[in-house]
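Subject: The structure you were waiting for

Hi there,

Here is the structure I promised to send over. Please open it alongside this email and have a look as you read.

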Amino acid sequence: MDEQKTALQRLGSRFTAILLAIAAVLVVLEFIFHRHGEVAAEDFPLFPALFGFLAFLFIVQVGKWLRVMIMRDEDYYDD
Amino acid sequence: MINPMISFDIASWPPGLMMILAAFAVPWIPHVARQIWMLAAIALSAWGLSSGAGVHAVWQVMGLELVLYRADNLTFPFALIFHIAAALNVIYSWHDRKWSEHMASLSYAGAAIAAVHAGDLITLFIWWEATAITSVFLILAAGTDRAQRAAMRYLLFQVLSGVLLLAGAAVIASHSSEISFGIMALDGPDALGVWLVFIAFGIKAAFPFLNGWLQDAYPEATATGTVALSAFTTKLAIYALARGFAGTDMLIWIGAAMTALPVFFAVIENDLRRVLAFSLNNQLGFMVVAVGIGSELALNGAVAHAFVHILYKALLFMSMGAVLHQVGTIKASALGGLYRQMPFTMVCCIIGAMSISAFPLFSGFVAKSLTMSALGDTGIVWVYLVLLFASAGVLEHSGIKIPYFAFFAHPSGHQTGEAPIGMRVAMGIAALLCVGIGVFPAPLYAILPYAVVYHPYDVSHVTGQLQLLIFAMLAFIFLIRMKWYPPEIPSVVLNSDWFYRWLAPRVGRPLLGAVMGVWAVFVRMLVWYRDMGWAVLDRVMHAPISGPTVPGRAVMVQALLLLLLLVLGYLLLG
C-alpha cells in the first residue's frame with residue numbers, strides 16, 4: 001500500500017512537471033503569435049489561461065459551499 | 001428497375017424497424033450467435049440508409065398520412081452515429097449471457113433510429129414512447145430495489161413526455177390538420193400545441209428542472225445498460241429540437257443554464273457514473289445553445305457535437321462500466337489506484353476524458369469549436385463566457401475527476417484485472433474513433449447538414465483552448481498540493497428529482513390527507529341531512545296530523561302532486 005502510494009506520488013510529480021513545461025511554452029507562444037478570440041475580451045493577453053485557472057478554483061469553491069446545502073447522507077431517500 | 005424476385009424493398013423500410021423486429025428473435029438465439037445476429041440486424045438497418053435523402057415510406061391510415069421514413073441532411077448524421085452506438089453496445093455487452101438486456105438494448109436503439117426518420121408528429125410519438133418502454137428494462141435489469149424505484153420514476157417522466165407530445169400533436173392537427181414534423185413557432189397560431197411539443201422535447205433533452213430523471217435513473221442501470229442509455233434518448237431530443245425549434249432564441253438561455261448548473265453538482269457527486277450523467281446534461285446544454293442560435297454554422301456545431309459526444313460519452317460510461325464490472329462499486333470514495341490493474345481501461349478513459357474536455361486532436365475540440373465560433377458570431381458575449389466557464393467545468397468533472405479518482409488518487413486496495421475482452425474491444429474502437437475524428441475532422445464535417453468550410457486547427461483556437469485547459473489543470477494540481485481539494489465522501493446530491501422524491505411525498509401526503517379529511521366531513525354532513533330528511537318524512541307519513549284518521553303515504557303523495565300541478569297550472573296560464 002505504501003509502495004503504491006509513493007508510486008502514485010512520483011507519477012503526480014512527473015505529471016506536474018510536464019504540465020508546468022507546457023504552460024511555460026504556452027505563455028511564450030502567447031507573446032510570439034497574435035492570438036485572436038471569438039469575442040473581444042478573449043484578445044486580452046493570457047485571458048484563456050486566467051479564465052481557466054480562476055474558473056476552476058471558483059467551481060471547486062462553490063462545490064464546497066454546495067456540500068453544505070445539497071449534500072446528504074447516502075440513505076437520504078430510503079424510507 | 002424492378003426485381004421480380006423481391007416483393008418488397010428492404011431499403012425502403014424505416015431504418016431501425018429491422019432492429020426492432022430482430023429483437024423479438026433475441027430470446028431464442030443462443031449466446032454468441034445472438035451477438036452476431038444483433039450485429040447483422042444493425043448492419044441491415046444501416047443498409048437502409050443507402051436509400052439517401054427523400055421520403056421512402058408513407059402509410060395512409062385513418063385519414064392521416066404517416067411519414068414513416070424521411071431522410072435528409074439532418075437525419076443522416078444522427079442515424080449513422082445511432083447505428084455505430086448500437087453496434088458498440090453489442091460488442092461491449094458480449095460477455096452478458098442473459099437475453100433480456102440485449103433485447104431491450106437492440107429494440108431501444110431501433111426505436112430511436114426509427115424516431116429520427118419520422119416525418120410527422122404521430123409517427124414521432126409512437127417511436128418516442130417506444131424508446132421509453134424499451135429503455136426502462138435496461139434500468140430494471142440492475143435487479144436492485146433502488147433500480148426498480150428509479151426505473152418507475154424514469155418511466156413516469158418518459159411517458160409524460162410522450163403524452164405531452166401526443167397532446168401537442170392533437171392540438172396542432174385540430175387547428176391546421178397538418179401533422180408533418182418541421183420547424184415550429186412558439187408564438188404562432190398553434191402556440192398551445194407547439195408549447196406542449198416543446199416541453200415534451202424539453203423533458204427528454206433534460207432542460208433545467210426537467211432533468212431529474214436523467215441523473216436519477218441512468219446511474220442505476222447495469223454496467224452495460226447505462227452505456228446504451230447514454231447514447232439515444234437525449235440525442236433524439238436534440239435532433240427533435242434541431243428539427244422543430246432551430247433558431248428559437250429561448251434555447252440559448254436554456255442551453256446556457258444547462259451547461260453551467262450541472263457543473264456544480266458534478267463536482268460534489270460521489271457516484272462516478274452519476275458525475276457522468278451530470279456531465280451529459282452539461283454537454284446537452286452546448287447542443288441546445290447551438291440549436292437556439294440556429295445559424296448554419298451553429299446547427300452544424302449541434303450535430304457534430306451530438307455525433308462526437310455519443311462516442312466519448314459512451315467511452316467514458318464504458319470505462320466506468322468496466323470498473324464497476326471488475327470492482328463492484330463506482331463510488332469515488334471507494335476507488336483509486338486502479339491504473340496498474342486496468343491500464344487499458346485507464347488509457348481509454350483518459351482518451352474519452354480528453355475528448356470531452358475538447359483537447360486539440362481529440363473529437364470534442366473539432367465539434368465544440370463550431371458552436372463556440374457560431375456563438376462568437378452572434379455577439380452574445382455573456383453566453384459565450386458562460387460556455388467557456390462550462391468548458392472549464394467539463395474539464396473539472398469529466399476530464400480530471402473521473403480518471404483521477406478511479407485510476408489514481410490514493411490506492412484503494414482492490415485486487416482486480418482488466419475487463420472482459422468485449423468491453424475492451426468496444427472501448428478500443430470508441431477511443432480510436434475519438435482520436436480519429438479529432439485528427440481528421442473532414443469526414444465528420446462532410447456529413448453535417450450544411451456545407452460550411454471551417455478550420456478548427458488555427459493558432460488562435462489551439463493555443464486559446466490549450467491555455468484554458470492546461471491552466472485549469474494547474475489549478476487542480478494547486479488545490480491537491482495545498483490539500484484544499486475536498487475529499488470524496490459517500491453521499492447523495494440533491495437535484496431536481498428532490499421535488500418529487502422528497503418534497504412531494506412530504507407535502508403531498510399531508511395535503512392529500514387534509515383534503516380527504518375535509519371531504520369525509522362533507523360527505524358525513526350530506527349523509528346526515530339525507531337521514532334527517534327521511535326521518536322527517538317518515539314522521540310526517542306515520543304520525544297523525546289531526547284526529548283519529550291516519551293519512552297513508554299514497555294519499556300524502558297524491559296531495560303533493562296535485563299541489564304541484566296546481567302551482568304549475570297557475571304559472572303556465574298566468
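A few ground rules come with it. This is a predicted model, in which local features need pLDDT of at least 70 and side-chain atom pairs count only at pLDDT 80 or more, while totals for chains, interfaces and linings use all residues. Residues are numbered from 1 along each chain as its sequence is written, chains are lettered from A and ligands numbered from 1 in the order in which they are written, and side-chain values use heavy atoms, with hydrogens and water left out.

**Overall picture**

Chain B has 21 helices and three strands (DSSP runs numbered from the N terminus, helices being H or I with at least four residues and strands E with at least two). Its C-alpha trace spans about 115 × 70 × 60 Å along the principal axes. Of the 574 residues in chain B, 58% are buried (buried is under 20% relative accessible area, exposed over 50%, partly exposed in between, with a 1.4 Å probe and protein chains only). Two domains are assigned in chain B, domain 1 (247-494) and domain 2 (501-573), with bounds from an automatic or database domain assignment. Their C-alpha centres lie 70 Å apart.

**Salt bridges**

Over all chains, the structure holds 11 salt bridges (a side-chain nitrogen of Lys or Arg within 4 Å of a carboxyl oxygen of Asp or Glu). One of them joins the side chains of Arg243(B) and Asp72(B), at 2.9 Å from N to O. This pair links distant parts of the chain, 171 residues apart: Arg243(B) sits in helix H10 (residues 233-244), and Asp72(B) in the loop between strand E2 (64-71) and H3. Arg243(B) is buried because its relative accessibility is 13%, whereas Asp72(B), at 25%, is partly exposed.

Another salt bridge pairs Asp216(B) with Arg501(B), at 3.2 Å from N to O. Asp216(B) lies in helix H8 and Arg501(B) in helix H20 (residues 498-542), so the bridge ties together parts 285 residues apart in sequence. Both Asp216(B) and Arg501(B) are buried. Arg501(B) also meets Asp497(B) in a salt bridge of 3.1 Å, N to O, and Asp497(B) is buried at 5% relative accessible area. Together with Arg153(B), these residues are linked in a network of salt bridges: Arg153(B), Asp216(B), Asp497(B) and Arg501(B).

**Single residues to look at**

Ser93(B) is in the loop between helix H3 (75-92) and helix H4 (99-116). It counts as buried because its relative accessibility is 8%. A polar atom of the Ser93(B) side chain lies 2.7 Å from the backbone oxygen of Asn89(B).

Most residues other than glycine have a negative phi. Phe209(B), however, has a positive phi, near 75 degrees; this residue is in the loop between helix H7 (191-204) and helix H8 (212-217), and is exposed at 63% relative accessible area. Ala358(B) also has a positive phi, near 65 degrees. Ala358(B) belongs to the loop between helix H14 (343-356) and helix H15 (363-378) and is buried, with 1% relative accessibility.

Happy reading, and write back with any questions!

Best wishes

Methods: A polar contact is a pair of N or O atoms within 3.5 Å; within protein, one must be able to donate a hydrogen and the other to accept it, and residues adjacent in sequence count only if both atoms are side-chain atoms.
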